[in-house]
Amino acid sequence: MPVFTAPDFDNHEQVVFGSDAETGLRCIVAIHNTALGPALGGCRMRDYATEDDALTDALRLSRGMTYKAAIAGIPYGGGKAVILGDPAVVKTPRLLRAFGRFIDSLGGRYITAEDVGTTVGDMDIVRQKTAYARGISDGSGNPSPATAYGVYMAIRAAVQYGMGRTDLSGIRIAVQGLGNVGYALCRFLNEEGARLFVADIRPETVNRAVDEFGAEAVPPDQILGLEVDVFSPCALGAVINDFTIGMLKAGIIAGGANNQLAEPRHGEELNRRRILYAPDYVANAGGVIDVASEGPGYSQEKVLHRVEAIGQTMKEIFIRAEAEKLPTSTVADRMAEDIIHKAGAETIAA
Ligand code: NAD
């Protein structure tokens, strides 16, 4: 499996493979960039079809974390861990402790937290073996509510910029994925009077949203092409791709999923189609802001206040994108890169 020539290798500082025969642990930690501080990013656990898929995920997600932390203004770099295997089948406390020992061996260059396939309870176990685990129950806990709040701020900013509306009352929003982030997001949107359309592959969570928020249930294969104001991807990555881009009817895309654009050129294509795209790693930074704030004096109220700044950052991106006639995704990347390069130059100069 090539690493340095892998399509998603982006001068990552370090890529480490870990295994433990006794517990069956197989994991990859990708540390993308530590110019701003130690690499922070969740641990994803998934039954990857191939080891290449797992490596690709680690490389892509860790790079995204570098950009996310930079633009969120937190003193951390970007990293990500992936554990190979179906969490429902292979995840055991022993495996998680082995993972904790492995993370500890990196000496704090990478700090882990929960992600898809891992939970607060899992991080409590990992923490038994390393101080470099966050999002624990005695700390900041589940980062999803903060993530959802940030996505809500991003949607408000996009609706204000793109539609000239200062509130969401009656705004039609299609939410794809009603998991930790999507469901909490629906609660915020519903409280502000948005009209919700929801899809998930788990019918029970859809039924709950229909009952609780008066949402309209939509089959998963139809949510993306719905005639709405906002499409909010909160499930999978790469939802904006060659196949789907022509189906979009929403004027705004703003959601919590990571890596929504299959390739950077899809950001350019959205711009050409005059669809206002809220760059994913800006919109969904609430969780990492939450996790980064863990420690003495942690307060969720303070975190949510900080997360509100996502709306202002998003507005700056929209304004600059329009002024420079660039896709919002490009502008966000350039803003993040400026911050990272400046920090890198200061580190070298020191
Ligand atoms: P989750 O696993 O709790 O929720 C994902 C939901 O999407 C599930 O309910 C699942 O059934 C549904 N889903 C899967 N395939 C679908 C499909 N084809 N159509 C419709 N629904 C589908 O995950 P989450 O924590 O809510 O995260 C959602 C996304 O947000 C992920 O991409 C994640 O990487 C990203 N994200 C999450 C956080 C966080 O704090 N949880 C932070 C940043 C980014």
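Trainee: Is lysine 91 buried, partly exposed or exposed?

Mentor: This is a predicted model, and the answer comes from the relative accessible area of the residue. Under 20% counts as buried and over 50% as exposed, with partly exposed in between. Lysine 91 has a relative accessible area of 23%, so lysine 91 is partly exposed.

Trainee: Which side chain meets lysine 91 in a salt bridge?

Mentor: To call a salt bridge, look for a side-chain nitrogen of Lys or Arg within 4 Å of a carboxyl oxygen of Asp or Glu. Here the partner of lysine 91 is aspartate 122, at 2.5 Å from N to O. Aspartate 122 is buried, with a relative accessible area of 8%.

Trainee: Which other residues of helix 4 are buried, and what do they pack against?

Mentor: Besides Asp122, the buried residues of helix 4 include Val120, Met123, Ile125 and Val126. The buried residues of this helix pack against strand 4 and helix 3.

Trainee: How many salt bridges are found in the whole structure?

Mentor: A search finds 21. One of them joins aspartate 10 and arginine 63, with the closest N and O atoms 3.1 Å apart. Aspartate 10 is in the segment before strand 1 (14–20) and arginine 63 is in helix 1 (residues 51–72), so this pair connects parts 53 residues apart in sequence.

Trainee: What is the relative accessibility of aspartate 10, and what is the relative accessible area of arginine 63?

Mentor: Aspartate 10 has 28% relative accessibility and counts as partly exposed. Arginine 63 is partly exposed as well, at 29%.

Trainee: Which residue forms a salt bridge with arginine 44?

Mentor: The partner is aspartate 115, and the closest N and O atoms are 2.7 Å apart. Read the sequence positions next: arginine 44 is in strand 4 (residues 43–46), and aspartate 115 is in the loop between strand 6 (110–111) and helix 4 (120–127). The two residues are 71 apart, and the pair links distant parts of the chain. Arginine 44 is buried, with a relative accessible area of 12%. Aspartate 115 also counts as buried, at 17% relative accessibility.

Trainee: Which residues are linked with Arg44 and Asp115 in a network of salt bridges?

Mentor: The network also contains Asp57 and Lys80.

Trainee: Now the ligand. How many residues surround the ligand, and which are the closest?

Mentor: Start with the shell of residues, then go to single contacts. The shell has 24 residues, and the closest are Arg44, Thr147, Val181, Asp200 and Arg202. By class, 11 are nonpolar, nine are polar and four are charged. Helix 5 (144–163) and helix 6 (180–191) each supply at least two residues of the shell.

Trainee: Which polar atoms of the protein lie by oxygen atoms of the ligand?

Mentor: Aspartate 200 places a polar side-chain atom 2.6 Å from a ligand oxygen. For asparagine 258, a polar side-chain atom is 2.9 Å from an oxygen of the ligand. Glycine 179 uses a polar backbone atom, 3.5 Å from a ligand oxygen. Taken alone, the ligand exposes 830 Å², and the protein buries 82% of that.

Trainee: Where is threonine 244, and is this residue buried or exposed?

Mentor: Threonine 244 is in the loop between strand 10 (230–233) and strand 11. At 10% relative accessibility, threonine 244 counts as buried. Its side chain reaches the backbone oxygen of valine 239 at 2.6 Å. Leaving out residues up to four places away in sequence, threonine 244 touches Leu224 and Val239.

Trainee: Which residues other than glycine have a positive phi?

Mentor: Asparagine 259 is one example, with phi near 50°. Asparagine 259 is in the loop between strand 11 (252–253) and helix 8 (264–272). Another example is lysine 325, with a phi of about 55°. Lysine 325 is in the loop between helix 12 (309–324) and helix 13 (328–349). Its relative accessible area is 70%, so lysine 325 is exposed.

Technical notes
Residues are numbered from 1 along each chain as its sequence is written. This is a predicted model: local features need pLDDT of at least 70, side-chain atom pairs count only at pLDDT 80 or more; totals for chains, interfaces and linings use all residues. Side-chain values use heavy atoms; hydrogens and water are left out. A residue is near a molecule or strand if one of its heavy atoms lies within 4 Å of it. A polar contact is a pair of N or O atoms within 3.5 Å; within protein, one must be able to donate a hydrogen and the other to accept it, and residues adjacent in sequence count only if both atoms are side-chain atoms. Accessible areas come from the Shrake-Rupley method with a 1.4 Å probe; for residues, only the protein chains shown count as cover. Helices (H or I, at least four residues) and strands (E, at least two) are DSSP runs, numbered from the N terminus. Ala, Val, Leu, Ile, Met, Phe, Trp, Tyr, Cys and Pro count as nonpolar, Asp, Glu, Lys and Arg as charged, and the others, Gly among them, as polar. Buried means under 20% relative accessible area, exposed over 50%, partly exposed in between (1.4 Å probe, protein chains only). Contact means heavy atoms within 4.5 Å.
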